[in-house]
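Hi,

Here is the model I promised to pass on. Have a look, and then read on for my notes.

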Amino acid sequence: MSPTRPLHLAVALDGPARYDAQHYARLTGLAERGALDFVTLGDSFARPGPDALAVLACVAPTTHRIGLVPTVTTTHTEPFHVSTAVATLDWVSQGRAGWSVGVSATDAEARLFGRRPAAPCQALWREAGEVADAVARLWDSREDATGARTPAPDRAGGRSGLHRIDFQGAAFRVRGPSTVPRPPQGRPVTVVDLTGAGDAGRRVAGRHADVVLVRARDPEEASALRTALRREAAARGRDPESLRVLLSLAVDLGGRESAPGPGLDAGRRRRGPASYYSGGPVRLAEQLARWHRGGAVDGFHLAPIAPHRDLERIVNGTVALLQHRGLFRTFHPGGTLREHLGLARPANRYTTAPTRGVSV
Amino acid sequence: MTAVPRPMHLAVLCPGADDAAVPADPRSAGRIDFAFFERLARTAERGLFDFLLLTGGELLTGGEGLCPPEHGERGDSPDPVGRPEPITLLSALAAVTERLGLAATAAPAVNEPYELARRLASLDHLSGGRAAWHVATAADPRAGENFRRDGPSGRADRYAHAEEFVRAARRLWDSWTPDGVPRRLAHSGRHFTIAGEFTVPRSPQGHPVVIHAGDSADAREFAASAADVLVTRHGPPAAGTSRISRASGPDARAPGPDRSRAAQDRSPGGLRVLRKAAFVLGSGDAEAQERAAEIRRQRISPQCAIRALERIWGRDLSAYDPDGPLPAIDPGPAAAPGAGGPSGTAARWRALAEAKGLSIRQTVIETSGRQSFIGTPRAVADAMADSVARGAADGFVLTPSPAPGGLDDFVAQVVPLLQERGVFRPRYTGATLRSHLGLPEPVWNG
């Protein structure tokens with residue numbers, strides 16, 4: 001049997017809009033029991049729902065290991081705010097934060113802000129790439145505190161360890177430095193979901209993503225996508241091993257005994273049957289194992305169409321079976337999301353001097 | 001007197017940029033770790049405080065607001081420690097507290113009404129009605145270099161800009177019907193044009209509590225028309241704050257022809273005036289005085305003194321020795337307003353330094369604000385209670401030092417005495433911050 005890469009599993013908490021913290025804490029706690037890598041929570045100004053990053057920040061103290069990945073949109077928001085909010089999510093979760101890069105493409109969203117008209121999706125993704133770049137630079141703009149928790153300020157004015165980023169994008173600029181200390185993970189995990197993101201989105205993924213979410217009809221297509229993404233990353237001077245490609249799969253475990261409730265069937269129509277699984281938890285485990293064994297992807301991002309109903313079955317059925325067969329971890333050996341994903345903590349691009357020893 | 005004493009309101013200001021030099025409590029973890037904030041919040045909740053206020057990370061600025069100018073930050077000399085982004089941190093603190101109000105600082109100058117109103121409404125939902133928004137109007141022009149938009153065009157414009165921002169936010173908070181049906185909203189004003197549906201239903205408090213801090217007439221006017229709570233800075237001991245409280249309290253809230261629409265749209269309710277105050281406890285008066293002096297010395301580190309001087313002078317003074325005399329050169333064109341000239345701040349500081357033979361650092365320590373309450377727990381409790389009884393303020397926003405241990409001492413030693421006097425709640429009676437503050441829920445404007 002060929003050595004298999006570690007399997008990575010994530011679940012989406014998205015469902016009908018809920019505004020109470022307990023709902024999300026319960027679901028995330030369930031996913032943590034299954035030792036999953038992370039949960040995602042989508043966000044959009046175009047439909048009802050709370051701020052996803054705030055929700056997962058509220059969930060952070062009630063969980064201890066699982067990664068927390070809200071969608072954060074980049075179109076009508078401030079790159080500086082995106083950076084400080086995700087950095088703070090990393091601080092309050094002690095190194096478990098990520099963010100899924102989002103864009104706001106509709107006229108309706110543009111009118112909520114009244115600053116500029118809606119733009120074509122490809123232009124928005126090009127800007128999202130700039131935002132991801134600026135955000136990561138802001139995370140680096142304060143050097144890690146050494147030894148003593150706070151950097152020793154120099155006598156002249158306490159300006160040591162801070163760096164301007166002077167980022168100039170096509171539509172925005174950011175001077176820096178950030179107001180939030182460098183996050184525990186150095187840089188929280190950047191996730192790019194390629195659905196609807198087109199070529200521009202794929203370039204953003206190759207350049208900036210740690211985790212890429214893809215959809216595919218079969219293992220061959222998934223494998224080809226993964227290879228192309230790794231090649232893209234290599235062309236950008238990145239180590240292809242620093243990229244995790246997860247297959248997104250909408251999951252309906254309702255089976256025949258209960259038809260999806262009103263609205264829940266939308267997933268199948270929107271996504272098409274290719275990335276839509278309907279059946280029982282055991283067969284799902286077998287399908288995941290088959291795809292992963294073939295090396296098509298590094299793992300899966302499961303989006304139950306009814307998380308309040310199906311997440312428990314995924315964890316206690318599908319995940320338990322994968323664990324039983326030795327295909328998935330039974331606990332989190334690491335503490336940070338990067339550790340779960342097998343990704344190194346990135347060095348600070350602005351630090352030239354060796355970081356060991358006393359701060360200078 | 002047999003009258004029921006006026007209830008006192010208490011809040012804690014988490015030490016931020018202006019207190020970067022406040023010595024961290026050796027008993028606590030690092031100043032950025034969640035454990036630090038969790039402990040502070042839990043202590044405040046144990047002390048039955050109204051709310052915890054976090055200063056923001058987006059506008060590192062002094063000027064009008066919570067940071068005294070002599071300790072404020074400049075755009076080019078950012079807070080060396082850094083701190084978390086308030087709304088995200090408070091969302092996490094919502095999970096480890098049950099009653100404590102959670103107040104986030106956010107500046108209209110660098111935010112959009114739709115996004116900020118949504119984040120605050122989300123916090124109000126997640127916390128079960130404990131969110132508050134400290135509207136920071138102070139604007140360091142350099143802060144704009146981090147953001148897409150330019151915000152208000154100048155000092156005169158900033159209150160008009162903030163007023164429209166708050167009004168737009170309130171309309172968004174009101175946009176769902178009380179029974180949960182989203183409705184379209186269209187706002188068109190000088191600064192903002194918003195059309196569409198809000199993504200969040202009306203939150204538990206109706207509107208998160210709105211807080212403003214400042215001492216100017218503009219600030220009081222803004223607070224009276226747009227806010228629920230006014231935080232006034234530690235003023236000179238002789239002047240007190242009674243004038244502010246009485247002038248801006250009931251009177252300023254009376255409807256008048258020049259009141260903004262925002263004020264008239266809202267139900268009448270009292271503006272709570274809280275005074276920013278530092279306290280130092282000791283087992284005796286002498287010990288407390290000694291500790292107070294020591295804290296002042298620690299607050300003003302050598303580099304902090306130079307930065308304070310640079311703010312006044314508007315020049316790079318990093319070459320000067322903090323233990324040496326004040327610069328002989330005059331303030332530059334970027335000097336703080338009122339710094340130059342024969343009667344300016346710089347001249348007064350020079351005169352003080354010469355008269356007392358003080359170094360740069362000693363001068364800054366001498367001119368920095370004194371702690372408001374220094375003494376035994378009994379003396380501090382008495383002074384605070386008297387201040388509220390006189391109508392000088394409805395309560396206090398306390399800045400603990402050291403942080404967060406200083407708050408533990410207050411909660412353990414002073415709060416019971418305030419309760420004993422009947423001026424502070426013996427328990428939380430409501431679940432929301434509005435209920436702690438005795439503020440009515442805003443009437444829904446359909």
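Let me start with a question: is B:Tyr159 buried or exposed? B:Tyr159 is buried, because 22 other C-beta atoms lie within 10 Å. (Buried means 20 or more other C-beta atoms within 10 Å of a residue's own, exposed 12 or fewer, and partly exposed in between, with C-beta atoms placed from the backbone.)

Before the rest, some housekeeping. This is a predicted model, in which local features need pLDDT of at least 70 and side-chain atom pairs count only at pLDDT 80 or more, while totals for chains, interfaces and linings use all residues. Residues are numbered from 1 along each chain as its sequence is written, and chains are lettered from A and ligands numbered from 1 in the order in which they are written.

Back to B:Tyr159, which sits in helix α4 (residues 155–173) of chain B. (Helices, H or I with at least four residues, and strands, E with at least two, are DSSP runs numbered from the N terminus.) Apart from neighbours within four places in sequence, B:Tyr159 is in contact with B:Thr137, B:Asp218 and B:Phe222; contact here means C-beta atoms, placed from the backbone, within 7 Å. The unreviewed UniProt entry has a "binding site" annotation covering B:Thr105, B:Tyr159 and B:Ser216. UniProt positions follow the numbering used here, feature names are shortened, and such annotations may be inferred rather than shown by experiment. B:Thr105 belongs to strand β3 (residues 101–106) of chain B, and counts as buried because it has 25 C-beta neighbours inside 10 Å.

As for chain B overall, it has 15 helices and 11 strands, and 57% of its 446 residues are buried. Of the contacts in chain B between residues at least 6 apart in sequence, 75% join residues at least 24 apart.

Strand β1 (residues 9–13) of chain B is worth a look. 5 of its 5 residues are buried, so the strand is largely enclosed by the rest of the structure. B:His9, B:Ala11 and B:Leu13 are on one side, with B:Leu10 and B:Val12 on the other. β1(B) pairs in the parallel sense with strand β11 (residues 395–399) of chain B over 4 bridges, and with strand β2 (residues 51–54) of chain B, also parallel, over 3 bridges. (Pairing needs at least two DSSP bridges between two strands.) B:His9 is opposite B:Gly395 in β11(B), while B:Leu13 is opposite B:Leu53 in β2(B).

Now the interface: 52 residues of chain B are in contact with 51 residues of chain A. On the chain B side, α3(B) gives the largest share, 8 residues. That side divides into 26 nonpolar, 14 polar and 12 charged residues. (Ala, Val, Leu, Ile, Met, Phe, Trp, Tyr, Cys and Pro count as nonpolar, Asp, Glu, Lys and Arg as charged, and the others, Gly among them, as polar.)

Helix α2 (residues 52–59) of chain A packs on α3(B) at an angle of about 30°, with the axes 9 Å apart. (Axes are lines fitted to C-alpha atoms, for helices over the stretch in contact, and angles run from 0 to 180 degrees between N-to-C directions.) There, A:Ala54, A:Val55 and A:Cys58 meet B:Arg119, B:Ser122, B:Leu123 and B:Leu126.

Lastly, A:Gln94 is partly exposed, because 18 other C-beta atoms lie within 10 Å. Not counting residues up to four places away in sequence, A:Gln94 touches A:Pro184, A:Gly335 and B:Phe34.

Cheers

Note on methods. Two residues are in contact if their C-beta atoms, placed from the backbone, lie within 7 Å.
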